[in-house]
Amino acid sequence: MNRFWYILCGVGLAAGIAVASAGAPAPADELLEPDAAFRISARLIDPGTIAVTYDIADGYYMYRDKFRFRTEPGTATGAQPQFPAGIVKDDPNFGRVETYRQTVSIRIPLSAPIGEGVTLVATSQGCADVGVCYLPITSRVTLKPESGGTSSAEGQPKPLSSILKR
Amino acid sequence: MKASPLWALGGVLVLLVAAGIGVDRYASRNAPPLDESISLPALLSTAIPDAAGRKQSFGQWQGKVLVVNFWATWCAPCIEEMPILERIHQQYAAKGVEVVGISADSADKVKIFASQHSITYSLLVDPEGAIDFSRRLGNRPGLLPYTVVFAPDGTRLLSQIGTVVPGQLEMILQRNVPK
C-alpha cells in the first residue's frame with residue numbers, strides 16, 4: 001500500500017512537469033530564419049535545365065502551389081517546372097493542398113541554354129508546425145557553366161534570435 | 001518513512017501548481033522582445049481601411065481592451081485560430097473587448113473569406129503595410145499570425161507570434177475586463 005502512494009506521488013509530479021512544458025510552441029527566438037528553414041540550392045543538369053533543391057528543416061513545410069520561378073537575364077523558363085509528388089491532404093479551408101517536407105527537387109526547363117550564366121529567381125512560401133507562416137520568400141541563385149553550374153546558399157542555420165534585438 | 005495519503009495529495013497539488021505555472025509561462029514564453037516604437041496612443045491614432053474600403057480609426061476603440069491580430073488568407077495557422085478570435089469577440093464584445101484583424105491580403109480576398117467563414121469582428125485590410133505595421137508592434141521576424149493585446153491604459157498584455165493557445169487569451173481577458 002505504501003508503494004502505491006509513492007507511485008501516485010511520482011506520477012503526479014511527472015504529470016505536472018509534462019503539463020507545464022507540453023504543447024507549447026517554440027519561442028519566437030527558436031524559429032529559424034527563412035533562408036535557413038528553407039535552404040535553396042540549384043545546379044545545371046544540362047545547359048537547358050536547372051534543378052533547384054530546397055532542404056527543409058524538421059518541423060517546417062513548403063506549399064507546392066506557392067513556387068514561382070523566373071530567370072535573369074530573361075531567358076525565361078520554357079515548359080512548366082516538374083514537381084515531385086508531395087504530401088496531399090484535404091484542408092478544410094484550402095481544399096486540396098500539396099506540401100513538401102525534408103527536401104524537394106524541382107526541374108526547371110529553360111527556353112534557351114544559359115550561355116555565360118543565369119540567375120534563378122525563386123519565390124516560395126512555407127510554414128512551421130508550431131503554427132507560424134513565413135511571408136513569401138524570394139531567393140536568387142546564380143549559375144555559371146564554368147563552376148559546374150552549382151550554387152547554393154551558404155552559412156549554417158541560424159535562429160531568429162540573431163535578428164531579434166535584446 | 002511510511003507514506004500516507006498526504007503524500008498523494010501533495011503530488012496532486014504539485015500537478016495543479018505545475019499546470020498553472022505552465023500555462024502562465026506559456027503566455028509569456030512566446031512573447032518577443034517588446035518594440036517600444038508603437039505604444040497604444042500611437043496605435044489609436046492609426047487608421048486602416050476595412051474590406052469595404054472605409055477607413056477605420058483605432059481611436060474609435062479607445063477605452064477598450066484591444067486584441068489586434070495580423071493574418072492572411074493564405075496562412076493556414078491564421079485561419080485555424082480565427083474561430084477562437086470569433087468566440088472571444090462574441091463573448092467579450094459587450095465587456096469592452098474589441099477584436100480587430102489586420103490582413104496582409106487584398107480587400108476582395110478578405111471580403112470573400114469573411115463571408116465564407118462567418119467572421120463578425122472588425123477586419124481591416126493593408127496588403128502593402130500590414131507586415132511592417134506588425135513589426136513595429138513587436139513582430140520582428142514578420143511571421144504570421146501575430147497577436148498583440150493592449151489594456152485601455154496602454155499596458156501590453158500579450159505579444160504572440162504564432163497561434164494563440166486555447167484558454168490563453170481568455171485567461172488574459174478575464175483578468176483585465178470588468179466582471
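So, helix H4 of chain B, residues 107–117, gives the largest share of the lining of the largest pocket, five residues. Helices here are DSSP runs of H or I with at least four residues, strands are E runs of at least two, and both are numbered from the N terminus. This is a predicted model, where local features need pLDDT of at least 70, side-chain atom pairs count only at pLDDT 80 or more, and totals for chains, interfaces and linings use all residues. Residues are numbered from 1 along each chain as its sequence is written, chains are lettered from A in the order written, and side-chain values use heavy atoms, with hydrogens and water left out.

Back to that pocket. Its volume is about 370 Å³, and 17 residues line it, with Lys66(A), Thr73(B), Trp74(B), Asp105(B) and Lys109(B) nearest the centre. A pocket means an open set of points on a 1 Å grid over the protein atoms alone, where a 1.4 Å probe fits, with protein on both sides within 12 Å along at least five of seven lines; lining residues have an atom within 4 Å of a point. Volume is the space filled by probe spheres set on the points, which are joined across faces, edges and corners. The lining splits into six nonpolar, six polar and five charged residues. Nonpolar covers Ala, Val, Leu, Ile, Met, Phe, Trp, Tyr, Cys and Pro, charged is Asp, Glu, Lys and Arg, and the others, Gly among them, are polar.

The second largest pocket comes in at about 240 Å³. Tyr61(A), Lys89(A), Asp129(A), Ala76(B) and Glu80(B) lie nearest its centre, out of 17 lining residues. Strands E3 (60–63), E5 (87–91) and E6 (95–100) of chain A and helix H3 (76–92) of chain B each supply at least two residues of that lining. By class we get nine nonpolar, three polar and five charged.

Now, H3(B) also packs on helix H6 of chain B, residues 168–176, at about 25° with the axes 11 Å apart. Axes are lines fitted to C-alpha atoms, for helices over the stretch in contact, and angles run from 0 to 180 degrees between N-to-C directions. So H3(B) is roughly parallel to H6(B), a label for angles under 35 degrees.

The Leu144(B) to Pro145(B) peptide bond is cis, omega near -5°. And Gln102(A), not a glycine, has a positive phi, near 70°.

How values were computed. Parallel < 35°, antiparallel > 145°, perpendicular 65-115°, else oblique.
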